[in-house]
Amino acid sequence: MIEYREDPGVISAEKLVGGFFEGWPFPPSPELHLAHLRSAEVAVLAVNAETEHGRRIRDAIGGGALTCFTPLLEVLPEYRGRGIGQELVRRLLARIGDRYSIDLVCDPGLVPFYECLGGVPGTAMMWRNRDAVAR
Ligand SMILES: CC(C)(COP(=O)(O)OP(=O)(O)OC[C@H]1O[C@@H](n2cnc3c(N)ncnc32)[C@H](O)[C@@H]1OP(=O)(O)O)[C@@H](O)C(=O)NCCC(=O)NCCS
């Protein structure tokens with residue numbers, strides 16, 4: 001059974017081992033992943049209540065009272081296609097959706113996923129230090 005939680009303090013790094021950061025050349029460690037979640041303004045987790053394993057997370061890094069940036073969303077492969085990803089975004093928007101801007105960056109294939117949730121496509125500029133977590 002999937003439970004949604006909004007306090008990353010309830011999960012430990014060992015529950016974040018394996019499967020996350022699909023396709024990242026230098027995936028962050030579970031400890032860094034947890035530190036990231038705990039420093040986020042809002043982090044919504046979908047947890048398998050039987051194993052307490054984190055299934056995934058939508059997080060928001062606060063940008064102040066007006067704006068918000070939400071960098072990470074991932075549902076582990078075996079849990080995809082059950083509406084968990086959309087529910088994580090809905091719950092995040094319930095918390096910060098009244099800001100002037102809520103921004104994220106995604107691949108073109110995911111535009112329909114976010115359009116279903118009220119998002120509109122735009123153009124982004126970004127800086128990436130892809131090996132930052134391996135330094
Ligand atoms: C994107 C992701 C979070 C979706 O999670 P999910 O739990 O499978 O999504 P849902 O079950 O809530 O999907 C709901 C809808 O979105 C669509 N959708 C899901 N993943 C999609 C994808 N990768 N591309 C396009 N559409 C997608 C589904 O087809 C479904 O539409 P339907 O209801 O019309 O069938 C998941 O595929 C994932 O973790 N991918 C790898 C990481 C990633 O790309 N994250 C996004 C970073 S911006």
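These are my notes from a look through this predicted model.

**Overall layout.** I started with the secondary structure and found three helices and six strands in the chain. Read from the N terminus, the elements go β-α-β-β-β-β-α-β-α. The C-alpha trace spans about 35 × 35 × 30 Å along its principal axes.

**Contacts and burial.** I then took the contacts between residues at least 6 apart in sequence, and 59% of these join residues at least 24 apart. Of the 135 residues, 33% are buried.

**Surface and charge.** My entry for the accessible surface reads about 8,100 Å², with 54% of that belonging to carbon and sulfur atoms. I also noted 15 positive and 18 negative side chains. The centres of these two sets are 1 Å apart.

**One residue up close.** I picked Arg 99, which is in the loop between α2 (84-96) and β6 (101-103). Is Arg 99 buried or exposed? Its relative accessibility is 16%, and the cut-off for buried is under 20%, so Arg 99 counts as buried.

What does the side chain of Arg 99 reach? I found the backbone oxygen of Gly 64 at 3.2 Å from that side chain. Leaving out residues up to four places away in sequence, I listed what Arg 99 touches: Glu 41, Gly 64, Ala 65, Leu 66, Thr 67 and Cys 68.

Note on methods. Residues are numbered from 1 along each chain as its sequence is written. This is a predicted model: local features need pLDDT of at least 70, side-chain atom pairs count only at pLDDT 80 or more; totals for chains, interfaces and linings use all residues. Side-chain values use heavy atoms; hydrogens and water are left out. Helices (H or I, at least four residues) and strands (E, at least two) are DSSP runs, numbered from the N terminus. Buried means under 20% relative accessible area, exposed over 50%, partly exposed in between (1.4 Å probe, protein chains only). Contact means heavy atoms within 4.5 Å. Accessible areas come from the Shrake-Rupley method with a 1.4 Å probe; for residues, only the protein chains shown count as cover. Lys and Arg count as positive and Asp and Glu as negative; His and the chain ends are not counted. The place of a charge is taken as NZ of Lys, CZ of Arg, CG of Asp or CD of Glu. A polar contact is a pair of N or O atoms within 3.5 Å; within protein, one must be able to donate a hydrogen and the other to accept it, and residues adjacent in sequence count only if both atoms are side-chain atoms.
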